[in-house]
Amino acid sequence: MKTITKIFATATAAVALFASTSLNAQTMMETDPNPAPKGMGFKVGVGINGGVFRDKSPMDYAYGADLKLQWDLTPYVAITASGGYTKLIAKDNAVDADFIPAKGGVKVFPIKRMYLATEAGAGISIQDGAKTNFIYSGGLGYEFGGFDAGVRYEGYVNDSASTTYFRKTGQYALRLAYNFKL
């Protein structure tokens with residue numbers, strides 16, 4: 001038998017053997033320690049935040065704390081509501097602003113655990129003669145193992161009749177929080 005015939009016969013036998021048997025690959029199940037949000041879940045987040053203002057702003061920096069409720073509608077969309085305390089520190093010995101922000105918003109998770117968020121609401125002043133601010137914000141963040149870290153721009157529109165009046169301004173803020181599942 002010639003060498004070419006032996007190679008052809010061996011190849012034909014191998015093809016027949018593989019064609020007559022079914023092969024199943026083994027798959028490994030990975031467990032993710034930080035799974036993506038599952039949807040239809042509730043979370044309560046306790047956070048602290050701090051921010052800085054642009055040079056042209058009458059404010060210098062801000063700090064505060066908040067409590068945020070999050071309702072995960074799907075693994076990709078959540079509705080939020082938050083309240084807390086914020087203090088805006090003014091430049092040049094001007095009047096500082098203290099208020100309670102009450103905001104509602106939406107989080108969208110385009111990538112696993114990473115979100116884009118937007119909120120709007122009111123900043124209820126706790127000082128005599130001060131008026132309520134309109135607050136709006138947008139940013140992005142990351143949820144991991146119960147922790148939540150986010151950055152945002154938060155703008156303030158103030159009433160000119162307020163005793164703590166400052167022109168329209170905004171801060172670039174960082175929020176660090178821990179979310180408790182309900």
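**Exercise 1. State what share of the protein counts as buried, and how much surface the protein exposes.**

Step 1. Of the 182 residues of the protein, 34% count as buried; buried means under 20% relative accessible area, exposed over 50%, and partly exposed in between, with a 1.4 Å probe and protein chains only.

Step 2. Accessible areas come from the Shrake-Rupley method with a 1.4 Å probe, and for residues only the protein chains shown count as cover.

Step 3. This is a predicted model, in which local features need pLDDT of at least 70 and side-chain atom pairs count only at pLDDT 80 or more, while totals for chains, interfaces and linings use all residues. Residues are numbered from 1 along each chain as its sequence is written, and side-chain values use heavy atoms, with hydrogens and water left out.

**Exercise 2. List the elements of the protein and describe how the strands are arranged.**

Step 1. The protein has one helix and eight strands. Helices (H or I, at least four residues) and strands (E, at least two) are DSSP runs, numbered from the N terminus.

Step 2. The order from the N terminus is α-β-β-β-β-β-β-β-β.

Step 3. Eight strands make a closed barrel in the order β1-β2-β3-β4-β5-β6-β7-β8, with antiparallel pairing. Direction ignored, neighbouring strands of this sheet are turned by 25 degrees against each other on average. Two strands pair if DSSP finds at least two bridges between them.

**Exercise 3. Is S137 buried or exposed, and which residues is S137 in contact with?**

Step 1. S137 is found in strand β6 (residues 133–144).

Step 2. With 8% relative accessibility, S137 counts as buried.

Step 3. Neighbours within four places in sequence left aside, the contacts of S137 are K103, A117, T118, E119, R152, Y153 and E154.

Step 4. One of these residues, R152, has A173 in β8 as its bridge partner. Strands β7 (residues 147–157) and β8 (residues 169–181) pair in the antiparallel sense over ten bridges.

**Exercise 4. Classify the ring pair of Y178 and F180.**

Step 1. The whole structure holds ten aromatic pairs. Rings of Phe, Tyr and Trp (its six-membered ring) pair if their centres lie within 6.5 Å; planes under 30 degrees apart count as stacked, over 60 as edge-to-face and the rest as tilted.

Step 2. The ring centres of Y178 and F180 are 5.0 Å apart and the planes stand at 70 degrees, so the pair is edge-to-face.

Step 3. Y178 is partly exposed at 32% relative accessible area, and F180 is partly exposed at 44% relative accessibility.

Step 4. Y178 and F180 belong to one aromatic cluster with Y142, F144 and F147.

Methods
Contact = heavy atoms within 4.5 Å. Axes fitted to C-alpha atoms, helices over the stretch in contact; angles between N-to-C directions.
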